[in-house]
Amino acid sequence: MRPMAQIAMVMNLDKCIGCHTCSVTCKQTWTNRAGTEYVWFNNVETRPGQGYPRGWQDQDRWKGGWRLRNGRLVPRAGGRIRRLATLFANPEFPRLDDYYEPWTYDYDNLISAPLGDDVPTAPPRSLIDGEPTAVTWGPNWDDDLGGGPEQLAADVVLRKVSDTVRLDYERAFMFHLPRICEHCLNPSCVAACPSGAMYKRMEDGIVLVDQDRCRGWRMCVSGCPYKKVYFNHQTGKAEKCTFCYPRIEAGEPTVCSETCVGRLRYLGVMLYDADRVGEAAAVADEHDLYPAQLGCFLDPEDPEVIAAAEAAGIPHDWLESARRSPVYQLIARYRIALPLHPEYRTMPMVWYVPPLSPIVDALAHTGHDGEDAGNLFGAIDTLRIPVTYLAELFTAGDPAPVEAALRRLAAMRTHMRAINLGEEPDPAAAAEAGLDAAALERMYRLLSLAKYDERY
Amino acid sequence: MPGGIRTYLTKAERAADTAAARLLAAGTLLRRADTTPDLRAVYRDEEKVNDSPYRQRWAHDKVVRSTHGVNCTGSCSWKVYVKDGLITWETQQTDYPSVGPDRPEYEPRGCPRGAAFSWYTYSPTRVRYPHARGVLVEMYRDAKARLGDPVAAWAEITTDPDKRRRYQSARGQGGLVRVEWDEALEIAAAAHVHTLMTYGPDRIAGFSPIPAMSMASHAVGARFMSLIGAPMLSFYDWYADLPIASPQVFGDQTDVPESGDWWDAAYLMLWGSNVPVTRTPDAHWVTEARYRGQKVIVVSPDYSDATKFADEWLHPHPGTDGAVAVAMGHVILRECFVQRQVPYFTDYVKRFTDLPFLVSLEEQGGGGYLPGRFLTSADLGDQEELARWRPVLLHAATGRAVAPNGTLGDRWSARTGRWNLDLGTLDPELTLLAPGAASVEVLLPRFDEPDGVLRRGVPVRRVGDRLVTTVFDLLLAQYGVARPGLPGQWPAGYDDADAPGTPAWQERITSTPAAQVTRIAREFAATAEKTNGRAMIVMGAGTNHWFHSDTIYRSFLALLLLTGCQGVNGGGWAHYVGQEKVRPLAGWQQLSTAADWVRPSRQMAGTPYWYLHTDQWRYERFSAGALSSPTGPGRFAGRHTVDLVAQSARLGWMPSYPTFSANSLELGRRLRESGRDPSGWVADETAAGRLRFACEDPDAPENWPRVLTVWRANLIGSSAKGNEYFLRHLLGAPDNATAEEAPPQDRPREVAWREAPRGKLDLLLSLDFRMTSTTLFSDLVLPAATWYEKHDLSSTDLHPFVHAFTPAINPPWHARTDFEIFHALARKLSELAAGRLDVAYDLVATALQHDGPGEIAQPGGAVPDWRDTDIPPEPGRTMPAVALVERDYTAVADKLAAFGPLAEQQGMTVKGVTVRPGPEAAWLAARCGTAGDGPAKGRPLLDTDVKLCEAILALSGTTNGRIAAEGFDRLAERCGPASRLSDLGASLAGHRAVFSDTQDRPVPAGASFEWSGAEGHDRRYAPFTINTEHGKPWHTLTGRQHFYLDHDWIAELGEQLPVYRPPLDLGALGECLPGAPGEGKAVTVRYLTPHSKWSIHSEYQENLLMQTLARGGPVIWISVDDAAAIGVADNDWIEAVNANGVVVARAVVSHRMPPGTVFMYHVQERLVNVPKSQAAGRRGGVHNALTKLLIKPTHLIGGYGQLSFAPNYYGPTGNQRDAVTTIRRRSQEVSY
């Protein structure tokens, strides 16, 4: 056992309102400078939608992450020779068009326009070449289902689940997916870097680019299946989400977490056994990747783990943090948080609680009482948001863990509604979800009251 | 520095890639290091890495608390980061005091718009220096050089038709030039002085909305206006955000729960309110309350952001929501009041609503009856003075009609202590239905069919010479709830689609399944019954911005009142549409109206002001009678709405500025010389025809507004409904409207028709830190400090705190705070006034005010018009109240900078309660120092923004418990000791917040007589809890919440009770006609302008961050079907055209949108990326280019109980939701 500590994040998509505050505060803090105009360390995508850069989930095209070759992990981008051969013409490197061409406006015209015969306006101008431009794509083009079926059908996940039929008014569904770097346990970007510039910090697992060593090969950009490493075209170096380490080191949450007005982000320490990661990332069946990653995590209450961790030099306060880690609770105790695209085999460390809603709607037309506990449970597979879609995002297509997570959320609501109305909760609801009443109430506290000092 | 793990290739792969490995061996692979057993990762701690760029990036010098003073109701406290003297970025504060261990907290508050604000500080659109219209400033310099006098120079330019035309037609066409502060202030002051001398103070106006978001910045300008006698224009009603139903039902402007109280609701309907987008910092309460078992229903025509966390989504056709609510009411009335009686509901409606009150029935020819007026004690023979203000109900035990405590008569009676809701042994009879009861058929309108009239029976009894029934019995008839034994046409059942009121009927209108509506109504009522009223409806602009929004809202409120949800934590209405709450109300109100120096101030209802002065009425060709009920007596037949506006003004209902067609300073002089009292003089002059109302001839040059100052606002780009008419008539600029004026037969009869003026305003002055559509059209643009560059205060109704703005940096370039600018303007004006104006006497007319004696001016809800009748014109009764006010124009600056004596001498009156701030004046003198000499000698100084903030906090009950306690004592005298209001006040007396407290941390507001809800550390604010818990009456005729309104004009429209009225058929009214026919396929669609994710009203829409996250310019959201019909693909350029104007935008095609409806999100201005229109050849317009003002006559009522004017309380809404437009795909080649 090699216990290591990592700062990990869980985002509760059920609470995400798609407001993009996280994107803006992150951008303002980190990337509103020359060379990173198009860079959003944190972005929020509307699902269904193509995302940013568009179609990033299409690994047949981008070849990010890992795949299994003869039972062993190899970069999907191919071996080292192929990558070196394509160093100067990397076909898997997204073009600016795939992100978007950043623009500004001739704002000055509003103040300095001479007397003319019409109202001044500020036409758009490219931030890349300074020429007049037309805005035809942006970092958030699909927001709130903008673009319609024609564009949204290009959603890689939607294509997989063949559910384009849901792109109509009556059966519309959407939710938002905020994304940052996954700070993976098995980062393919680090493996891809020919310069040794990328590294994962030992004390907290944050994945960073050493700005001195980076030579601008951009292999990390294509190696990352989440497309969360970016190329600064001014400095010629790679940049990525830093997990706000200057804040984390000072005991403060990341900017995206603290400014999340939906209060849906949780930060905490996860202990894991580094010796198990390689094996876990290489399990044959993609459906086993989620349980395999769970298997890497160490129980912070386990005396053996504590002893080993102390022996490995993990400080006492980190172990204390691990014990009260909300992230650990959500991932391992309540099992309502799931990894994003475990099939990329990078062992991502930003996990998501799948969105529950809207749940009763499907029942309305059948005349059933959607609040009835039995119906709530029965309705999971008739959600507006197809479970198959969520499963493709979080569990490599296996619906069972998604359903289980949604059942626990539904059970919590049912249980708490009874209390809210002064009625006796039905213990069967909790039991069916695999939790007892006390656990549901603790989960409620964490998800609903979500006090600042319990989120981080 | 920390080391790191390097993840390398597997051993197997390394073997396969030996050649490559050799190339890289030098730096990486073959080093001896700690590895994982599978050799997957290497652990190193000896290497140095360079992570300093990010550390340096994060480093900052200080963090300052501030917020955003725009017209957003968030009131979020922010940390502003400063590095090397520059503002870098902002993140939210998280230090709000806890609202309890068992609920979520208010941290963090903020949204992406707020997070993007610092962009403005150094943006290329920042106004860095004073600017003036080039042609104007050239003419001014020339004239001044020749004449040697600023005022004479201004007079020459503005009275020379050619010069006037030259600079007015240049408005908005570029050509602004930089000028120095001294010159800019001199021009502005000269314009004010010239206007005061020539036309009068009420030809000047100020517009600055939503004071709560930056109280001092608002108050300083409003105070300046009040000192010179200029009207401040209302905004809440003008924005159509005021729900007129609120004053109608509650007698209160708007009072709503803080968002933390959503948590207390067990059932929540989000009805036309897209909370995640428009109330972003509050949305988490909904997601979190769901985990507490709250059920959430979303009613929205599109699959909105809110929909995704709803349990159910209802999508009625836009504007038909009232039908859904009526059907829900039908179910609740039938199942909870008729089939069985829910004790909680019955008890509630008897105590807290007008349902048991008696209404006279008036016989019509043909055997039917019409619902008439409330029966009052006067009808029973009571001779007491206020008997006509005491509506009566039946005491069940005795069968006698009696006036209960708490009616308006008790509010204003000399006998105190009876204005309460204590029924004692009185048991109000809800219905007159009893075995053997008589019944008659009443005639009730239905508006879903032309000329629809229903005959439905109600039980009646005779009281004196009147045939009466109860409001409850009438309500059942209106809602179509049958009871055995009553005559008339009744629905056969819920599935009777022909009978108004039923679930099946609403399905036909709204498309919402009847079964779903029935079930939701049952769930709603069942939850309210189980929880004693914890069911809530969050209402938004989607249901409020309609012409008939008052009927929609009243049908919502009916659901809440019937189920006992109002005045209960976790229950009731939660209206969030441009609403705001100056929690420290008394202080702000006193200072912003300069009531400490001069009373009364001029407060003008915005909508009639713009309707008149932008001449939109000239294009209105339908008679107000087109809106009448088929059951109405035809009071509006053949009358133009502008005639009704004028009638409302002369009856004292709505204020009207300019008031008289003469300079009010000249009238004041004449009045003073006459030695008479103002009322008698005005009555006589009016009767003699010597005194005329300006609104009866609004296009006469002497009746135009001349100087308008806009600050904290973007009138032209944002709220100016009928935008092109603003440009044409008010400003004299080019425009894109193609509508034709009403033909002679359709013109007003009482208001004069002249040739249409172009360019009424002499000066449009704006203060802003960025360029907007308003600054583009302004003659003078003064560079204002941003919100991060000044001191101020913020509060909202959405959270219970008051918190500060503190400057992170000083205003850069030549920018100044609003506070400094108005003080500088006041100094210049005072200087120029010497020898020109000096001390003048101003005849001020004000409307009959709500919460004052004006609300009992006109009993019975009649229309006592003295024009062409034998009713005498009598100021304060049948006319506006009048007063003579002394104004020393040389002392304006000194008074602006000091706290005057009138607050102590005469008290401060808020909502009818008067308190005297003697101790506070002394405190302010000690805290702020006193004026040394001059007109304000010895008075506490208000010469800095911090001192103004201190005064606001010191003078208000929410932040000064002594004031609160005194107010509750006064209220207790009126309500009686059983109200325990003095106890409530005593419990608050120690609460006090000073400005530095609000800089440290958001400070909770305390309960106060200024508001209707109790609050404290242990409970969330919910409106009207003081009413329900202390038996304090609502500020209405009956003292209860009203289902029934009995004013003559309400009856004319057939809206005495909640009733479904569909959106206006603009085509039939001759309104909103398509523009000139164009090329290619077109669709005609409903044009909705909801609030955007990427802006707060006008702000942020040109912000680069927001535009980048949006689509980079103006867009119209269109359904897949409509786009296909005109061959439009996503991001194609399209044009929306109607007779009012043209919008050029790109299309966002989305299956989120229902066919037949498009969204042009609010305030997408001309500022960025708006090409020239193909249809008009000129720049495309703002979102309001396709709208035009239409006034609902009932919003003009006044002088009658809760239907009386107060600023932003009652007045016509500038609604715009009923608009339609034609959309075409245009050439994809665009030019700018």
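Begin in chain A by selecting domain 1 and domain 2, whose C-alpha centres lie 25 Å apart. The model on display is predicted. To make the selection, take residues 11-101 together with 137-255 as domain 1 of chain A, and residues 295-455 as domain 2 of chain A.

**Stop 1: between the two domains of chain A**

Display the residues where the two domains meet: 47 residues of domain 1 of chain A are in contact with 33 residues of domain 2 of chain A. Together the two domains bury about 3100 Å², and 61% of that area is on carbon and sulfur atoms. Polar contacts between domain 1 and domain 2 of chain A amount to 23 residue pairs, both residues being at pLDDT 80 or more. On the domain 1 side, the elements of chain A that give two or more residues are β1 (3-12), β3 (66-69), α7 (156-161) and β7 (175-179). By class, this side of domain 1 has 25 nonpolar, eight polar and 14 charged residues.

How many salt bridges does the rule find across this interface of domain 1 and domain 2 of chain A? There is one. Select next Glu392(A) and Lys160(A), whose side chains meet in a salt bridge with an N to O distance of 3.9 Å.

**Stop 2: helix α7 and the loop between β2 and α2 of chain A**

Now pick Arg159(A) and Asp58(A), which form a salt bridge with their closest N and O atoms 3.7 Å apart. This pair joins distant parts of the chain: Arg159(A) belongs to helix α7 of chain A, while Asp58(A) sits in the loop between β2 (43-47) and α2 (59-62), 101 residues away. Side chains of opposite charge can pair when their charged atoms come close. Over all chains, a search of the whole structure finds 123 salt bridges.

Pro48(A) is also found in the loop between β2 and α2 of chain A. Inspect the peptide bond from Arg47(A) to Pro48(A), which is cis with omega near 0°.

**Stop 3: between chain A and chain B**

Widen the view to both chains, and colour the residues that touch across them: 144 residues of chain A are in contact with 143 residues of chain B. The two chains bury about 11900 Å² between them, 56% of it on carbon and sulfur atoms. The rule finds 16 salt bridges across this interface. One of the salt bridges to display is that between Glu107(B) and Arg263(A), at 3.2 Å from N to O. Residue pairs in polar contact between chain A and chain B number 71, with both residues at pLDDT 80 or more.

Which helix gives the largest share of the side of chain A that touches chain B? Select helix α1 (residues 21-31) of chain A, which supplies eight residues. The whole of that side divides into 70 nonpolar, 33 polar and 41 charged residues.

**Stop 4: chain B**

In chain B, select residues 61-125, which an unreviewed UniProt entry annotates as "domain: 4Fe-4S Mo/W bis-MGD-type". The end C-alpha atoms of this span lie 26 Å apart, and the span is 6% helix and 28% strand.

Move on to Asp615(B), in the loop between α22 (606-613) and α23 of chain B. Asp615(B) has a positive phi of about 60° although it is not a glycine. Finish at Pro658(B), in the loop between α23 (641-650) and α24 (664-674) of chain B. The peptide bond from Tyr657(B) to Pro658(B) is cis, with omega near -10°. Most residues other than glycine have a negative phi, and most peptide bonds are trans.

How values were computed: Residues numbered from 1 in each chain as written. Chains lettered and ligands numbered in written order. Heavy atoms only, no water. Contact = heavy atoms within 4.5 Å. Buried area = accessible area lost by both parts, 1.4 Å probe. Salt bridge = Lys/Arg side-chain N within 4 Å of Asp/Glu carboxyl O. Polar contact = N/O pair within 3.5 Å; in protein donor to acceptor, adjacent residues only side chain to side chain. Helix = DSSP H or I, 4+ residues; strand = E, 2+ residues; numbered from the N terminus. Nonpolar A, V, L, I, M, F, W, Y, C, P; charged D, E, K, R; others polar. UniProt positions renumbered as here; feature names shortened; annotations may be inferred. Domains from an automatic or database assignment.
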